[in-house]
Amino acid sequence: QVQLVESGGGLVQPGGSLRLSCAASGRFFSITAMGWYRQAPGKQRELVAGITSGGRLNYGDSVKDRFTISRDNAKNTVYLQMNSMKPEDTAVYYCNAQYTLVSSTYDAWGQGTQVTVSS
């Protein structure tokens, strides 16, 4: 019922920056939380950062102090500012949204965007 469209991935050199965006659309009552996960080849998907509708933040240990998540509730859009990037940040990044519809809570995932950190 919710569609997520990601943008902003690409190739960046070590130490560089990228900004990811994810816009939610579709049918829902409210989006309670949005976030970013990533999955590198041969590894499990892991949390990068999350933000609730009330502004509560959560970061993965490997990205603290380098990445910043923010959210525009009016636009149902979440952003991930990635600074001081490292080769180990290379992964497919997935947007996630937790939303309510009628009396149930659901999860939605974006299609993923590739981020490559390499010189």
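Predicted model: local features only at pLDDT ≥ 70, side-chain atom pairs only at ≥ 80, totals over all residues.
Trainee: What makes R19 count as lying over the face of Y79?

Mentor: R19 sits 4.2 Å from the ring centre of Y79.

Residues are numbered from 1 along each chain as its sequence is written, and side-chain values use heavy atoms, with hydrogens and water left out.

Trainee: Why are C22 and C95 called a disulfide?

Mentor: Their sulfur atoms are 2.1 Å apart. The rule asks for a pair of cysteine sulfur atoms within 2.5 Å, so the pair qualifies. The count by this rule is one disulfide.

Trainee: Why is the disulfide of C22 and C95 called left-handed?

Mentor: Because the torsion about its S-S bond is about -85 degrees. A strand is a DSSP run of E with at least two residues, numbered from the N terminus.

Trainee: How do you know whether C22 is buried or exposed?

Mentor: C22 has a relative accessible area of 0%. Buried means under 20%, exposed over 50%, and partly exposed in between (1.4 Å probe, protein chains only), so C22 is buried. C95, also at 0%, counts as buried.

Trainee: What makes the link between the side chains of R38 and D89 a polar contact?

Mentor: The distance is 3.0 Å. A polar contact is a pair of N or O atoms within 3.5 Å; within protein, one must be able to donate a hydrogen and the other to accept it, and residues adjacent in sequence count only if both atoms are side-chain atoms. The side chains of R38 and Y93 are joined by another, at 2.9 Å. R38 is in strand β4 (residues 30-39) and is buried, at 5%.

Trainee: Why is the aromatic pair of Y37 and W109 called edge-to-face?

Mentor: The centres are 5.1 Å apart, with 65 degrees between the planes. Rings of Phe, Tyr and Trp (its six-membered ring) pair if their centres lie within 6.5 Å; planes under 30 degrees apart are stacked, over 60 edge-to-face, the rest tilted. Therefore 65 degrees gives edge-to-face.

How values were computed
Helix = DSSP H or I, 4+ residues; strand = E, 2+ residues; numbered from the N terminus. Lys NZ or Arg CZ within 6 Å of the ring centre and 35° of its normal.
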